[in-house]
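Subject: Structure handover

Hello,

Please find the structure below. Notes on what was found in it follow.

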Amino acid sequence: MPDEIREEDAESLRLPTNWHALVRSAVLHVIGIVRIAMLAGREALITSGDGKDARTHQLECAVAMLREELRINGARMRRVAPNRRPQFTGQERMAILQLRAM
């Protein structure tokens, strides 16, 4: 989609450092209102008998949230020196290898 922000573009987006706390709070409130609207829309799909589309929408939202979480975590890990990164147990390393294999 042309309106999507690519990962490399998102890395360069910087928020103003002098944002007032009320502005940050307002942005978070708007995001909360959008979430409520999405949930209401999903509920409308369910009540209209279109549960399959509602479930699809729910799963797409979950995937989008997980991708954003991974992007944030990846950006953080790129800023941490390799010798300062967290150590994983053997089971965690195996799980990481399994995920990469998929």
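A crossing is called left-handed if the near helix is turned anticlockwise from the far one by less than a right angle, and right-handed if clockwise. Helices are DSSP runs of H or I with at least four residues, and strands are runs of E with at least two, numbered from the N terminus.

This is a predicted model, in which local features need pLDDT of at least 70, side-chain atom pairs count only at pLDDT 80 or more, and totals for chains, interfaces and linings use all residues. Residues are numbered from 1 along each chain as its sequence is written, and side-chain values use heavy atoms, leaving out hydrogens and water.

The chain has four helices and zero strands.

Helix α2 (residues 21-47) passes helix α3 (residues 51-79) in a left-handed crossing. Their axes (lines fitted to C-alpha atoms over the stretch in contact, with angles from 0 to 180 degrees between N-to-C directions) come within 7 Å and cross at roughly 155 degrees. The two are therefore roughly antiparallel, a term for angles over 145 degrees.

On the α2 side, Met38, Arg42, Leu45 and Ile46 make the contact (heavy atoms within 4.5 Å); they meet Gly51, Asp53, Ala54, His57, Gln58 and Cys61 of α3. By type, the residues of this contact are five nonpolar, three polar and two charged. Here Ala, Val, Leu, Ile, Met, Phe, Trp, Tyr, Cys and Pro count as nonpolar, Asp, Glu, Lys and Arg as charged, and the others, Gly among them, as polar.

Just after α2, Gly49 has a positive phi of about 90 degrees.

Buried residues (under 20% relative accessible area, 1.4 Å probe, protein chains only) make up 6% of the 102 in the chain. In α3, Ala54, Cys61, Ala75 and Met77 are buried. Helix α4 (residues 90-101) has twelve residues; the number buried is zero, so α4 lies largely in the open.

Regards

Technical notes: Parallel < 35°, antiparallel > 145°, perpendicular 65-115°, else oblique. Buried < 20%, exposed > 50% of the residue type's maximum accessible area, 1.4 Å probe, protein only. Expected span 1.5 Å × (residues − 1).
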